[in-house]
Each structure stands twice: as C-alpha cells, then as structure tokens.
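Hi there,

Here is the structure I promised to pass on to you. My notes on it follow below.

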Amino acid sequence: MLRSTVASVLASLLVAPLLPATASAQAAPPRVPEAVGFGGAVSSIDPDASQVGVDVLRRGGNAVDAAVAVAAALGVTDPFSAGVGGGGFLVHYDARTRRVSTVDGRETAPASAGPDLFLENGTPIPFADAVTSGLSVGVPGTPRTWSEALRRWGTWSLDQAVRPAEELARRGFTVDDTFHRQVTENAARFADFTSTSALYLPGGAPPAVGSTFRNPDLADTYRELRRHGVQAFYRGDLARDVVAAVRRPPVAAGSTRNVRPGDLTATDLARYEALQREPTSVRYRDYDVFGMAPPSSGGTTVGEALNILETTDLAAETEVQYLHRYLEASRLSFADRNRWVGDPAVNDVPTRELLSQRFADSRACLISPTTALTSPVAPGDPRDPTPCATAGQPAPTSYEGTDTTHLTVADRWGNVVAYTLTIEQEGGSGIVVPGRGFLLNNELTDFSFTPVTPGVVDPNLPGPGKRPRSSMSPTIVLQHGRPVLALGSPGGASIITTVLQVLTRRIDRGTPLVQAIAAPRASQRNAASTQAEAAFLATPEAEALRALGHRFTSTGEIGAATAVERLPDGRWRAAAETSRRGGGAARVVWPTR
C-alpha cells in the first residue's frame, strides 16, 4: 500500500515533464527491435508510443499505467489499427499476488442485432460493403478497458495516463512510410466520408512522409476523457456523437458507395461493461501459459495446440519435423475453435474441456510424421474425446481483419501487461466520428454472416449484445509463479499461429527472442493451403514440407509481434519486429547495452 501511494504521488508530481514545452512536433524516436536493461520494458509497433510508456515507468508508474498510456498514444500514431473507437483484451500479472487476471474489452453488438444482421433478402451482403458501414460498428470497449485496468491495478488516474497521448495528438508526430501507405490504401473509402477525408486526406491527398500530422479533435476527446472520466464516452455529448455517426454516417455528397447505417443506440453505449474473466491456463513443459478466454479464441486455441505438442520433444526434432508438427497442431486446434468457441454469455463454450490434455491427446494421434492432414479437418468432441476420432462436419475459418496492434509492458516490480487492441480492418469502418478525431471499428464483421457449415450450429452468429469471436492472443508465461515471457501480435486469425510459432521457437527450439519473432512465418488455420511469407517459402524446409503433403499460398507479412522477457539476472528484454510493419520499437527504462 505504501509503495502504491508513493508511486501515485510521484506520478502526480512528475506527469508534467511528460509534456514538451514546445507545441511543435519532435523528431521521431528510432525503431529498435531489442532493448535490454533494468527498471521495466515496453514493446510496441510505434517508437512514439513506446517512448511514452517508458516515460511513465521512469516517473513511477506501473505496468498498467504505462500500458494505458501506450495504448492511448497508439490511438494517435497507429489510428488505423486501434483507438478509443475499438476494443481489445488485456492480460495482467500481479507481482504481489502472483496472479494472472484479464479484462475483456471486446465490442458488443447492438441490442437489436439478430442472426440476420448482415443478410438482405436472406443473402449475405458483400463483405466489403459490411465493413464500410454503420452496420459493422460494435459498442467500443477500449475506454472501459482502460478505466477498469487502472481501477484494479493502476497507480495513475485516467487523467494522468491519457495526458501524454493528448499532448502527442496536439503537437503532432512525423508521418512514416507505414502511416502514409495505410492512408493511401484506404483513400477511396476515406474520401466517401466528410469527417474522415478532412482528417486523413487534407487537400485531397494522404499526408506526405516526413510531414507533421496533428489531430486536435482527438486531443480534445482525450481531454474530455481526462476531465470527466470514462463516462464521458458512454453517456452525454460524446456518446451522442458516436451514435449519430453510426446511425447517420457522414457520407460525402456525390459518393456512390452504399453505406448502410447501423442501429447502435445511446442505451447500448450506456450499458456496456468491460468484463473480468478468468484467464485460460495450460501447463507446457516447465511453464504455465496464460491467455485470454472466450469470446477470444486465442487462449483456447494456443493452449490446445500446445497441449497437442506437449507429447513431442520439439527440441530434439529436425527443423522440418518441428514445423510440420507446429502446422498440424494449428490445423487441429483451429478445427475445434471454429466449431466450439463463441461468446460464453450466449453459447455453452467447453473451455475447460478444450484445454484438457486428454482431449489434446485424442487429437494429437491424428498427426503422422510422414503425411500432412487434409483440410478442412472435422472437429473433435472435447466433452467426449475419443482417440483419433472426429465429430461432425468440418468448419472452415472465416476471414478476420489483420490490422490490430499489440503492446507488452513490464515494470520494476515485476508486474506485466500483454494487451491486444483493435478496430478490426485497417481503418476500421472508415468512419471518423465528426469533431472527435477517431475511427469507429467494424468489429461486427468478425461474426459469421451465415452458419459456416450449413446444418451445423455456429457459435459465432450475431445476436443482441453479443461479443464476436476474436483471435486476439495476449499471452503471459510463468515459471515457478514468476513471469519469464509475455507476447502478442496483430494479424486476425493469424495472431494465434504467430503467438504459437514464437512461443515454440523460444521455449522448445531455444531461439533468441528477437530471432524467434523475426523468423519467417507460416499460418495453418484448417485451410486447404497454408499461408506463408515469401521468406518462409524460400527455405529448404518449405520444400521438404511440400513432400509431406503441405500446400502453401504466398501471402504478405504475417503478424507484428511484440514481447518482453525476464532474464536470469533480473534485467528485462523488450523485443519487437526487425522489419515487419517497418520494424517495432523496444524500450527499457535503464539500458545496460
């Protein structure tokens, strides 16, 4: 209690130096994929955001304080992936209690939503039309997530934690290649909304690389949150503006796009809650791996795959056999995910059974060392596991947007946060709330528009107040009750395979963390063909895997992981991408090399 009080006092005294005396944009901090040192660590995709987090830690804030500050800063510098108009999942390790807890900040459907949300005349509307619409917007959960995490574990107030991001939005930051590319790739739909084009297409063109981008409307939104608390977002003028943007999208005159309005109401916003959920947990080798429970499928799918791999000594296998078994475990766990995982408030999700070693063993016996399985594979029955048996029709994996973001934070006391947040597609719904400076999510397109397998119960159909299934996989790994690794990634459904690949490379193969993150990736999600990066397809192992029956489809970058790990001497290592998304930003409070 004394430490918490002292930290809170220090925070209130020292938060002012976080704000530069000048209102002009400063030179962008460098992108560094690895940092090692004491005092805590931060890893995110963005240098400005990671620097904000380290500044909070240096001034006495803890991991939760810093995580909220980083998330708010990412809403400024990475607004096409995350922001207050979206949602996410936060996993927290408390060093004092040695307990892992979570906050479910997933968006919810309006109370009026039914299984026909995306149907017209009984037929699904085109996916692209659903994305760029008010119909796809769920009640944002990010502001409530921040408030709930700070209330439970933070030492700073929301006022203090959001203040650095407000100043960043007001003074501006330097536009990089990634920001410019994201606007350019979305320019056509951004131009169809008056508020979005005014912000991101000034003069009709994307902001130039090297220019300073400012967002005074977002700064004012953050100031309102600071002054009036999270209720400002869910009630009052700000809430009314969100509802108006969904129900009457600000479509530009002359636009030919069919922008369907949504049915979000002020009551939907006022009733939203960020929920506390028990984390998923599996024992893997000598480690306890904690993740996010449903409605995220991350914890159950990563956990099941690890259980499938538990009986194989991956450290002793060849590189080809390691990759083969990783892909097969992914294939099987996705088959089960697609059949069984949805919102537990609506569906009877067999979370405990999916994570049982008995069920995993019944699935592992389907893996042959010489021949790849053929997808789609039918699911197993976790409530009645029969060795090598399947149950019912296969359920393929539906599409999820890939432009999420993840941040990982540890502090001097050993508290750790893994936090994945999103607005779904790159640019979300494309709708900036007029006068508020943030994009609204298109998270409801994570629902199945129709049952994935006709005649088979689909746990992920839309429903009133329902949370769509997610693949976000914030993960914390403990050994003997203390954190050794925390990680996560963006990437839609490939989040799960990214986390699994990095985990197994680090734990089983002994690959240094930064190299484990940088390694070429492949993502098998119970599909006929495995998505793989070009660098993966160029390896001799890819050819050997083809000989086992694996089929590959070339894709762009898979994921953009960030992680922290505790070293034996007490130092922290922050790790991020070396090149994906332009490279990540790893920081520690007191570097030692």
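**What turned up**

Asn526 is buried, with a relative accessible area of 2% (buried means under 20% relative accessible area, exposed over 50%, partly exposed in between, with a 1.4 Å probe and protein chains only). Its phi is near 60°, a positive value in a residue other than glycine. Asn526 sits in the loop between strand 15 (522-523) and strand 16 (530-533); helices (H or I, at least four residues) and strands (E, at least two) are DSSP runs, numbered from the N terminus.

Before going on, please note that this is a predicted model, where local features need pLDDT of at least 70, side-chain atom pairs count only at pLDDT 80 or more, and totals for chains, interfaces and linings use all residues. Residues are numbered from 1 along each chain as its sequence is written, and side-chain values use heavy atoms, with hydrogens and water left out.

Arg98 also has a positive phi, about 60°, although it is not a glycine. Its place is the loop between strand 2 (87-94) and strand 3 (99-105), and at a relative accessible area of 40% Arg98 is partly exposed.

Searching the whole structure gives one disulfide (a pair of cysteine sulfur atoms within 2.5 Å). The partners are Cys365 and Cys388, with their sulfur atoms 2.1 Å apart. Both cysteines lie in the loop between helix 17 (357-364) and strand 11 (404-411), so the pair ties together parts that are 23 residues apart in sequence. Cys365 is partly exposed at 34% relative accessible area, and Cys388 is partly exposed at 41%.

The loop between helix 17 and strand 11 also holds Pro376, and the peptide bond from Ser375 to Pro376 is cis, with omega near 5°. Another cis peptide bond runs from Pro294 to Pro295, with omega near 20°; Pro295 belongs to the loop between strand 10 (287-291) and helix 14.

Finally, a helix pair: the axes of helix 14 (residues 298-310) and helix 15 (residues 319-340) come within 9 Å and cross at roughly 135°. Axes here are lines fitted to C-alpha atoms, for helices over the stretch in contact, and angles run from 0 to 180 degrees between N-to-C directions. Helix 14 and helix 15 are therefore oblique to each other (under 35 degrees counts as roughly parallel, over 145 as roughly antiparallel, 65 to 115 as roughly perpendicular and the rest as oblique). Residues making the contact (heavy atoms within 4.5 Å) include Ile308 and Leu309 of helix 14 and Leu332 and Phe334 of helix 15.

Best wishes
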